[in-house]
Amino acid sequence: MNGRWDAVVIGTGPAGMAAAATLAEGGARTLVVDEQPEVGGQIYRAIERNRGNDALGRILGADYLRGAPLAGRLRASGAEIRLATLVWRIDEDRGVWMRRDGSVERAEARNVVIATGAMERPVPVPGWTLPGVMTIGALQILLKSSGLIPSGRLVLAGSGPLFYLFSRQCVEAGVSELTLLDTADGRHLPGALPLLPKALTGQGWRYLLKGAGLLAGLRRAGVTLYRGVSGITLEGSEHVAGIRFTHRGGTGSLACDTVGLHEGVIPHQQMTRSLGCVHDYEPAQQSFHPRRDAWGLSSRPGIFVAGDAGGIVGAQASAHEGTIAALAILHALGRLSQEERERRFAAEARARRAHLAARPFIDRLYTPRDEVLVPADATMICRCETVAARELRRLAGHGVPGPNQAKAFLRCGMGPCQGRLCGPTVTSIFARETGDTPDATGYYRIRSPLKPVTVGELAGSGKETGSHP
Amino acid sequence: MPGATHDLIVVGGGLIGSAIAWGAGRAGADVALLDEGDVAHRAARGNFGLIWLQGKGVGAPAYMRWSLQAGHLWETFAAALVDETGIDIGWRRPGGLQFCFSDEEMDGRRRVAEQTRTDGGDIAIELWDRADVLDRVPEVGPEVVGASYSPLDSHVSPLYLLRALQEGLQAGGGTYLSGAGVAALRAEAGLFVAETARGPVRGRRIVIAAGLGAADLAPQLGLSIPVRPERGQIVVTERVKPFFAYVGSGVRQTAEGSFLIGSSHEEAGFSEGTDVATAARLCASAVRTFPRLAEVNVVRLWGSLRVMTPDGKPIYEESQTHPGAFAATCHSGVTLCSAHALVLGPAIADGVLPEAVASFRSDRFHVQAH
Amino acid sequence: MFRRIEASAGTAGTLTFEERPVAFRAGDNVAAALLAAGIARFRDSPVDAAPRAPYCMMGVCFECLVEIDGRQNQQACLIPARTGMVIRRQRGARDLADRAP
């Protein structure tokens with residue numbers, strides 16, 4: 001049913017659940033949608049099914065189980081929850097176009113909270129399109145949603161918190177043939193150390209302690225770990241069969257059945273880009289972030305961005321950001337006094353900051369290597385249209401001004417993923433070739449539909465538009 | 001390059017400017033092509049890619065002749081461009097079909113064919129009834145009553161075409177400067193100077209092919225290009241295996257397999273946005289033509305701006321106050337590309353306009369002005 | 001290539017992939033069900049026919065496209081597995097020819 005909502009929240013991860021619950025509890029008419037059939041987003045994926053599963057809970061750990069009370073709160077809040085629902089477009093007047101079960105509808109929203117979270121940074125290495133090569137996040141999703149764990153020889157290659165967390169979860173789950181290739185660049189350590197004292201403040205020490213515990217656990221378990229790995233190449237014809245890498249100046253190679261790659265996460269910017277929100281390149285996280293005020297309001301009226309979609313902050317700070325956006329909206333709706341808004345904002349902002357204490361240290365320590373950001377010529381950058389880095393550099397050499405003209409000339413970003421997996425790399429390569437900043441280089445202009453909708457569904461949507469021009 | 005003096009400066013790196021630059025460069029001129037940055041109003045990016053000749057210029061014989069000349073030049077042009085650059089621009093000439101959904105529409109096509117014959121147009125236009133259509137295109141929907149067909153209609157990838165022209169220009173020794181949007185033009189010591197974001201560029205001759213930007217630039221050299229934007233939206237689908245071998249007036253399948261569904265005509269100022277109501281209308285029409293298209297995923301809605309003159313026909317002129325300064329604009333940058341490249345570009349390199357375009361001066365809009 | 005951490009949990013239903021029966025469990029999406037059954041090749045790239053398979057499992061990469069009950073180019077990682085689903089590899093680009101309307 002169509003309707004006019006005080007707020008439409010997109011995404012049911014921690015930011016979306018907190019935003020929607022706070023809005024509905026405050027009396028706002030709230031719709032929250034997610035493309036998955038279950039609430040939780042990726043971090044709390046399948047939390048409602050798994051909360052009573054002790055075996056899985058033990059593997060996934062206490063931080064995962066924090067999602068259960070939040071999901072419970074969302075369910076009790078009175079927010080209308082629509083799952084398995086794709087948001088494929090948001091009009092300038094905040095008409096939110098959705099698709100569920102092959103039918104299309106438009107909801108009018110006085111406010112929109114984009115809580116679409118993060119995606120993993122693309123890891124373009126030779127062979128990354130082979131079956132059997134997945135992101136570490138993908139492997140963890142299989143564990144959370146289906147209790148699946150790789151069998152056979154598993155190689156995890158990457159760096160950052162999720163790399164260690166999932167490695168540890170594999171050990172807990174009984175993966176025996178596991179090799180870790182840690183790609184963190186030790187040269188970042190001196191730059192990171194000055195950030196360490198601040199990282200120990202607030203809640204920061206908990207994150208560091210967790211990391212130290214994961215590493216200790218992996219050591220205890222006797223997992224083979226290569227440090228300072230670079231130059232990863234995946235080999236195989238129909239399926240990944242081996243991995244080659246550089247380590248301590250020499251080369252290594254391993255036979256394997258499954259490879260997990262991970263070089264951190266970045267904001268999922270498709271929706272904010274499609275709305276024309278202003279984005280800024282954040283060098284500390286090597287990614288674009290939508291520009292926001294303290295409440296999470298983007299450069300577009302009524303469009304809020306909360307959680308990792310606005311910049312990587314992690315699950316708990318994301319929930320605080322969701323609440324903060326909801327407080328701003330409730331106040332604008334006349335449902336929350338200014339005093340109450342300020343009082344609750346102060347507490348939420350304080351708690352959010354505490355969770356961010358260790359973030360600069362972690363970001364610095366796990367800055368991805370150049371070879372991830374600006375891969376070698378032969379590496380395929382656009383998986384959908386099979387465009388290699390060499391072709392992008394060649395265009396840049398011909399004076400082609402940037403990512404959008406490259407998209408026009410090479411089809412990179414024109415495939416079904418619509419540039420999600422090549423956009424960050426294309427910008428990086430052009431910026432490097434031209435000597436411009438990523439901000440000056442810019443990013444693909446993102447067009448709707450953001451998710452698949454068919455010609456027939458679009459044809460039928462004419463009746464949904466009513467008096468819309 | 002900033003510093004050097006070129007034979008010809010071309011202001012505008014769209015299809016018109018790039019075609020003129022390529023053609024002038026092949027004719028021996030040292031050409032500098034000035035383009036804007038990565039985000040600009042680029043009609044080529046939203047272009048449907050039709051080289052559509054049936055019905056073009058009906059009632060305007062000079063325009064019809066120029067368009068048909070372009071149509072007949074396409075084969076030579078495409079071969080030369082592909083040969084020089086190695087870029088497959090996706091040019092194919094399967095012939096074009098305009099589908100009709102009523103007897104009135106068929107009558108309209110019949111009149112177009114008759115008028116074209118009366119005007120002496122060098123183009124064959126056939127009228128197919130439903131049975132004729134089903135013989136060749138059995139996939140059409142039940143509402144299609146017939147079509148008009150011309151073997152001269154063809155299609156091309158406007159994006160690869162633009163790329164090939166720019167790379168071909170460079171391969172021949174010409175200069176392509178992006179990020180060189182032009183702020184001002186002036187004449188100085190017998191030369192033309194374009195003040196660009198990358199510094200001044202000097203040339204003995206200049207052609208303004210700056211699309212919508214030409215309206216402000218042209219008067220600086222005594223030219224007049226009264227153009228306004230008209231928005232066209234198109235719908236782009238995922239790749240589909242070869243399904244529709246002809247070119248359709250509102251639906252075509254690209255060399256890669258994507259369907260393009262278009263195209264709207266809207267007054268929307270300089271907004272390049274899209275709206276679902278328009279996309280829905282375009283899609284409904286496409287499904288009427290080919291019901292099977294209903295299941296295909298859409299990957300992009302696209303809005304771009306056509307460059308419209310008051311009467312919809314091109315403007316080509318040389319400045320009377322500043323000889324050697326030329327202007328060129330039209331909304332058929334693809335169809336006319338071959339003529340711009342093979343006829344107009346070389347002529348401008350020689351400092352003249354071709355006879356074929358003599359009637360397209362902008363002073364046709366100032367009749368009885370005072 | 002994958003195994004369940006709980007060997008005991010029962011199956012929730014069966015679908016077929018290229019005629020082959022595939023049992024799945026409660027909560028499985030189509031991609032998880034196929035991976036659990038050892039199916040490695042989900043689609044052939046429409047550009048070069050190279051084998052492709054799920055990469056992100058969260059709806060971003062569009063590598064897990066399969067044909068489900070006659071509907072082509074469906075994102076296997078977003079669609080819950082259901083009994084009786086007839087699934088086929090997505091062979092390159094969508095094919096509109098010679099298929100039941």
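How many residue pairs are in polar contact across the interface of chain A and chain B? The rule finds 17, with both residues of each pair at pLDDT 80 or more. Keep in mind, as you browse these close-ups, that the model is predicted.

**View 1. The interface of chain A and chain B.** Here 41 residues from chain A meet 41 residues from chain B. Together the two chains bury about 3300 Å², with 54% of that area on carbon and sulfur atoms. On the side of chain A, the trio A:Phe409, A:Arg447 and A:Val455 supplies 20% of the area buried against chain B, more than any other three residues. The count of salt bridges between these chains is 4. One of the elements of chain A that give two or more residues to this side is strand 4 (86-90), and helix 16 (389-397) is another. Helix 17 of chain A gives the most, with 7 residues.

**View 2. A salt bridge between A:Arg411 and B:Glu256.** The closest N and O atoms of this pair are 3.7 Å apart.

**View 3. The interface of chain C and chain A.** Chain C brings 37 residues to this contact and chain A brings 52 residues. The buried area is about 3700 Å², 60% of it on carbon and sulfur atoms. You will find 2 salt bridges between the chains; in the view, the side chains of A:Glu238 and C:Arg41 meet in a salt bridge at 2.5 Å, N to O. Polar contacts link 15 residue pairs across the interface, both residues being at pLDDT 80 or more. Chain C contributes two or more residues from each of strand 1 (2-4), helix 1 (30-36), strand 5 (51-52) and strand 7 (71-75).

**View 4. The largest nonpolar core.** This core has 205 residues, and those touching the most other members include A:Leu156, B:Trp74 and C:Phe42. Helix 12 (residues 315-332) of chain A gives the most to the core, with 9 residues. In chain B, domain 1 (5-51 + 158-226 + 311-364) and domain 2 (96-151) both give residues to this core, so it lies between them. Zooming in on B:Leu161, contacts beyond four places in sequence include B:Leu15, B:Phe77, B:Val156 and B:Cys337. Another core, of 36 residues, lies apart and has B:Val133 and B:Tyr149 among its members.

View 5. B:Thr335 counts as buried because its relative accessible area is 4%, under the 20% cut-off. A polar atom of its side chain lies 3.2 Å from the backbone oxygen of B:Leu50. Among the other residues in contact with B:Thr335 are B:Trp52, B:Lys56 and B:Trp74.

Terms used. Residues are numbered from 1 along each chain as its sequence is written. Chains are lettered from A and ligands numbered from 1 in the order in which they are written. This is a predicted model: local features need pLDDT of at least 70, side-chain atom pairs count only at pLDDT 80 or more; totals for chains, interfaces and linings use all residues. Side-chain values use heavy atoms; hydrogens and water are left out. A nonpolar core is a set of buried Ala, Val, Leu, Ile, Met, Phe, Trp, Tyr and Cys residues joined through side-chain atoms within 4.5 Å. Buried means under 20% relative accessible area, exposed over 50%, partly exposed in between (1.4 Å probe, protein chains only). Helices (H or I, at least four residues) and strands (E, at least two) are DSSP runs, numbered from the N terminus. Domain bounds come from an automatic or database domain assignment. Contact means heavy atoms within 4.5 Å. Buried area is the accessible area (1.4 Å probe) that two parts lose on being put together, summed over both. A polar contact is a pair of N or O atoms within 3.5 Å; within protein, one must be able to donate a hydrogen and the other to accept it, and residues adjacent in sequence count only if both atoms are side-chain atoms.
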